[in-house]
Amino acid sequence: MSTRHEQMAGPLSQERYMSSNEFAELRGISGVAVSARAAVLISAAKRDLVWSIQGWSLAGGGLKRVSRELVKLFPKRCCEDSVLRDLSPTLEEFLVDLCINPRIQFTVPGDDVDISDIESDSVIEQNPRLSRSDFKQAELFYFRDIIGALFEYKARRQAKIRDNFQLTSIGKKIWETLDYALASHGMVVLDGLEGRGKTEAVKAWCELHLGQARFVSLKGITNKTTAFREIAKALGIASSYTRTAPEMQARIEDVLKRSRLLLCLDESHFLFNQSRRMYSRPELIDWIDTALVNCGVGCALCTTPQFIVCMTRAADQVEWNFRQFRRRVKRWVKLPAANTEDDIKAVVRSVFQKAPAAALDEIVGYALLSKRDLSAVGDVATEVRAMLGTDDLSKASVNHVHRAIYDFLLPSDKTFLEGMETARQMGRKSHRKPAPALLEEGGSRGFAGQLQPDFRRAETALPARGDLNAQRLGVREFAEPVSASLTSKT
């Protein structure tokens, strides 16, 4: 008897065909297998659960981590009888089976009507070899009410995400738009400047809706193959370097059409060719229009103002019909140019929960003076973590924050701006025009204009070492000019 295949009498699993490269290269549960399983589930809550489990399997630690956390959260539901455990599948195996085996029935806790029989009839209709006797309830002898525990685990996980994420006014606008995209199965564009917390807000929303949406970062992608590979990874589809773009594209389309998952694409301006001269249509944009949105698959494009520049370039240079794309965008949302000071304070308090008040004030002051908004807060946190040698910021002190700003960040900012100005002066001497990318987002002064606080003035405005009680680090003096500058650029 061949040892490369499991007997047909065994439970369905993605590892049944042991020699299949399709599964050997996967890290988590196959999105292709889950999409087929979820397609026969009538209940939206059930589909949400199986796709959530599949999403957890793709995250760090995979299902092993989920299994450990389930046992830790519900110790009273677990039986320590090793004999029962040996006779049953492991918790990890059970979760895989639940996600891909159409013969396993389960009900949503609190539902008055059990629709499992209707779902079973649908499975039998698609697989005539099956009968009612082939179906069984989802249960484990050694884990009481495992389905109820999974729903509760999912709810606790979502609550933890909400508690750990500080939602700003920009974040609220992003979440509201993504809620609309999910409900309408349409396409939306979130257009805002970098460093304002867009990406983190979209990531957090996708984590809260893991059974209904997936986050993908295009991060400098310049061709279809790498774009499809990133999307395939987020969906749990085979995406090794041996996979061609057409192979991944076909599977991606099939999974998205079956699942109706909302696809959230960060850095969406990379869907366009980034060269100054275009010679062909933006194929990835056309693919989203025709293969996804036309088929009822929702899509959220999170981008900077570069997107509209690239779109205009495509329309002018290759006569691309941008109206076909525009009419599919249900909401084009222009995000605020900056977070409010109150929002920045709230984020700083959330990140540096146990830091002294003087340290928090200094971080807020630096964020406002540097005009880099929340990205400046993140930079301070990164520097302090490097000093502490740990990701835990609970031991951050005034001295740590002071060193991060004065010894590293301010000198780095100053060096960068001086280098930009030197390069611009050299360009003027050689009669070259400044790079257009530097002019797109900041008007006549360009990118450097957005970051252009006078650091000689900033250094005197921030308190000298040992004088951390200076009134708000000079922020009261500069908050209004900063705000006015940002407002004028929008």
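Author: Please bear in mind that the model is predicted. Helix 2 itself covers residues 31-38, and its buried residues are Gly31, Val34, Ser35, Arg37 and Ala38. These residues are on the same side of helix 2, because they cover an arc of only 165° around the axis. What do the buried residues of helix 2 pack against? Their partners are helix 3 (44-58), helix 6 (91-100), strand 1 (104-105), helix 11 (224-235) and helix 12 (245-259).

Five of the five residues of strand 5 (residues 262-266) are buried, so the strand is largely enclosed by the rest of the structure. Leu262, Cys264 and Asp266 point one way from strand 5, while Leu263 and Leu265 point the other way.

The neighbours of strand 5 complete the picture. Strand 4 (residues 213-217) pairs with strand 5 in the parallel sense over five bridges, and Val216 stands opposite Leu265. Strand 6 (residues 299-303) also runs parallel to strand 5, and four bridges join the two. Within strand 6, Cys302 is the bridge partner of Asp266. Between strand 5 and strand 6 the chain passes through helix 13 (residues 283-292), forming a right-handed β-α-β crossover.

Definitions and conventions: Residues numbered from 1 in each chain as written. Predicted model: local features only at pLDDT ≥ 70, side-chain atom pairs only at ≥ 80, totals over all residues. Heavy atoms only, no water. Buried < 20%, exposed > 50% of the residue type's maximum accessible area, 1.4 Å probe, protein only. Arc of directions from axis to C-beta. Contact = heavy atoms within 4.5 Å. Pairing = 2+ DSSP bridges. Right-handed = clockwise from strand over helix to strand, strands pointing away.
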